[in-house]
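Please keep the sequence and the model in view while reading.

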Amino acid sequence: MTTRLFGERVQRREDLRLITGQGRYLDDLGRDALAAAFVRSPHAHALIRDIDVSAALDVDGLVAIYTWEDLPERVRDPLPLLIPHPALTHGRTAYPLARDVVRHVGEPVVMVVARDRYIAEDAAALIEVDYEFRKPVVGIEEAAHGVHLVHEDVPGNVGAHLVQEVPSPAGQSAREAVEAAPHTLSFRLDFERSASMPLEGRGVYARWDADDRSLRVYSSTQTSTSVRMAIAAKLGLPLPSVEVIAPDVGGGFGVKIVHPWPEEVLVPWAAMLLGREVKWAEDRREHFISSAHERGQVQHVRVGFDDEGHVLGLDVTILHDHGAYTPYGIIVPIITSTQLLGPYRIGAYRVEFSSIYTNTVQVTPYRGAGRPQGVFCMERTMDRIAAHLGLDRAAVRAANFIQPGEFPYDQGLIFQDGRPLIYDSGDYPESLRMLKELIGWDGFPAMKAEAAARGRRLGIGLGCYVEGTGVGPYEGGHVQVTSDGRVHVSTGLTSQGQGHETVFAQIAATELGVPLSSVSVVTGDTRRFGYAVGTFASRAAVMSGNAIALACRKVRDKALRIAAEALEADPRDLEIEDGVVRVVGNPEASLPLATVAVLSNPLRYAFDEEAARATQFSGAAPMDRPPVQEGEEPGLEGRDYYSPVRSTFASGMHAAIVETDPDTAEIRILRYAVVHDCGRLINPMIVEGQIHGGVAQGVGGALYERMVYDGHGQLLNASFMDFLMPYATEVPAIETAHLETPSPLNPLGIKGAGEAGVIPVSAVIASAIEDAEGLSIDRMPISPSELYELRRAATG
């Protein structure tokens, strides 16, 4: 096979359509649909005593108003707890519309449907809700004290508590190993809240066909098949009667993996009830106060180590703020607690976390999903060890690395997929060597001294991480070759800008030996593929990529069998190149793949000249057997699924050089370097784009983005005027190098890459600022004013 596109820097096929305004996003649909708007709680914690809708009833264009009491059985029940866990002893989810109590600002209380969104918003503004104010619980530590409760039936506000421990090879517990170590350190780290902030907010558009009792729903989601199942269950519809389609989705970053959102149940229900199309599109303030946040943790670390910096024992206690509800379970703190170990062989490890309710927006995964917090903890620990011993920070890391010959390496923990945390492949010493060379680590002291002589403060930092990717349980792929020679690929997971249309086409073109231009790809449409899990956890390429490859191999095998019969050749002597099946060494003996597709479908009727080849009097089929043999199906197509035994683990290392202004404490990133290992690269350019975008989000999380709540549970910066994000001017050029250690766990040898860029950035920048300033950096994000105050505190 010479049509090789796997591993090539192919330009993204979707870009022309998107950058020329031809994208089809949720709010581009349903222009004549009724519009929904919501009355949302202005209080963080309150009883609902009464709802008075009378003033809104005379609004011209109003169609309907619904409260919780108006909802039928099933629809009115609490939303599902998507990922139960034995440690989640007090899981709680919200009602679609609040029943009796609101537990965060922005919780939906009333749904209004009107002729258009303007009218719906006007009517919503006239609805009066009588609240009885209750003391809100804001902040992890206040919640942990348990004086006031978010849920009256959750003691101490603790939704979940989990301990995992791995003893040392000698059988010591982590705490024993720490106490017995030659050196010990104890410290606290803080990580503040942030949020996904996709360019396109959430949105739902529903159409009900009363004649055949079918429902079509468009949702800006990361998991169309799961939304479909949730809607069918909530509305009491047979699953085949529900279609869910994710059109172009303007970013997800985790917030759109949650399902069903209240609106994903209420909008389809209203469409069925009213017999009209209904649509809702989230505005920016709603996204701030009504969707989901992430990141907020307090970490208490105690570590024991020897004179060379080997970690002999590590004991970490984490308080995790999961907000008012736990619809996505405790996946985030589980990932933090397990991915914290990074590329290191730790002597003994104990981690304990408590997941705490607060009267704030619920916490669900945001790009990185608990890993930035874990890496911040581990990498700050490595820097503390190096500083205590007076050793090079890179050398301390190298002393603790798992070595290439030790894979597969079992960390002795249970990961977020419920499977053992076993690293499948990697070469961490080589990654560090490449990173040091890329950033100029060894030459930096001279650079720093030269800058200092001119009154400039420079610092360098680095951070290492391991990322569990390709989380199960499965994904599928369907591949069909039609009689025009085109290859149609579909998979159930959705796309939010990752370049799936390109990379999946590269896989199919390579596997089938066809030009890339002949391959089309559809994702996130339950009409085309009904079974899938979703796009999250850096899993799309690993899961759907392998499923598509397996489906292509079925198609290829069938094509070679059919062509061999027509060419009177052995299938083992055939190849497919540029869409033509030919005998190796005899290019004259060949058939276009389009013709093979025709021959795969015995026909009675000739629709065109090509189809005539497959009709009953063409002589194409042997007369001594049925046209469709036992075990075969008409057509040249295949479907297959990939289901891994466990996650595969990508890894990487980042380094940065920063400058801090001596007067203003402004922090500027001068250089940023990344070495990344995601196994075999399908498209290096797209991987680099993912890394660049991730680093940009990481810079935001390190220096700008935070959710600021006051003591009343009011989000003080719920707009882009106050919530800071980096512009292109704040994101440095990113130097990238790739290391490929193929995964042995899947046919393509690939690992995920989608979240890698964001994971270590806070740790890297904290390390660099600390190097520049000589001050301990123990919380992120950090602003110039906070750095200025740290300087003042250090000088008395």
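## The interface of domain 2 and domain 3

Domain 2 and domain 3 bury about 1300 Å² between them, with 60% of that area on carbon and sulfur atoms. Buried area here is the accessible area (1.4 Å probe) that two parts lose on being put together, summed over both. The size of an interface is often given in this way, as the accessible area lost when the parts come together. On the side of domain 2, the residues that lose the most area to domain 3 are Ile682, Pro747 and Leu748, which together make up 37% of what that side buries.

The model is predicted: local features need pLDDT of at least 70, side-chain atom pairs count only at pLDDT 80 or more, and totals for chains, interfaces and linings use all residues. Residues are numbered from 1 along each chain as its sequence is written, and side-chain values use heavy atoms, with hydrogens and water left out.

## Domains and contacts

The domain assignment, automatic or from a database, gives domain 1 (33-134 + 202-281), domain 2 (375-469 + 646-794) and domain 3 (472-642). The centres of domain 2 and domain 3, taken over C-alpha atoms, are 42 Å apart. Their contact (heavy atoms within 4.5 Å) takes 19 residues from domain 2 and 17 residues from domain 3.

Strand 18 gives the most, with 3 residues. Helices (H or I, at least four residues) and strands (E, at least two) are DSSP runs, numbered from the N terminus.

## An aromatic pair

The structure holds 14 aromatic pairs. Rings of Phe, Tyr and Trp (its six-membered ring) pair if their centres lie within 6.5 Å; planes under 30 degrees apart count as stacked, over 60 as edge-to-face and the rest as tilted. The ring centres of Trp68 and Tyr95 are 6.1 Å apart and the planes stand at 80°, so this pair is edge-to-face.

## Backbone details

Most residues other than glycine have a negative phi, and most peptide bonds are trans. Phe407 and Pro408 are joined by a cis peptide bond, with omega about -5°. Pro408 is in the loop between helix 10 (393-400) and strand 16 (409-414). Another cis peptide bond joins Met780 and Pro781, with omega about 0°.

Ala369 has a positive phi, near 45°. This residue is in the loop between strand 15 (349-356) and helix 9 (371-389).
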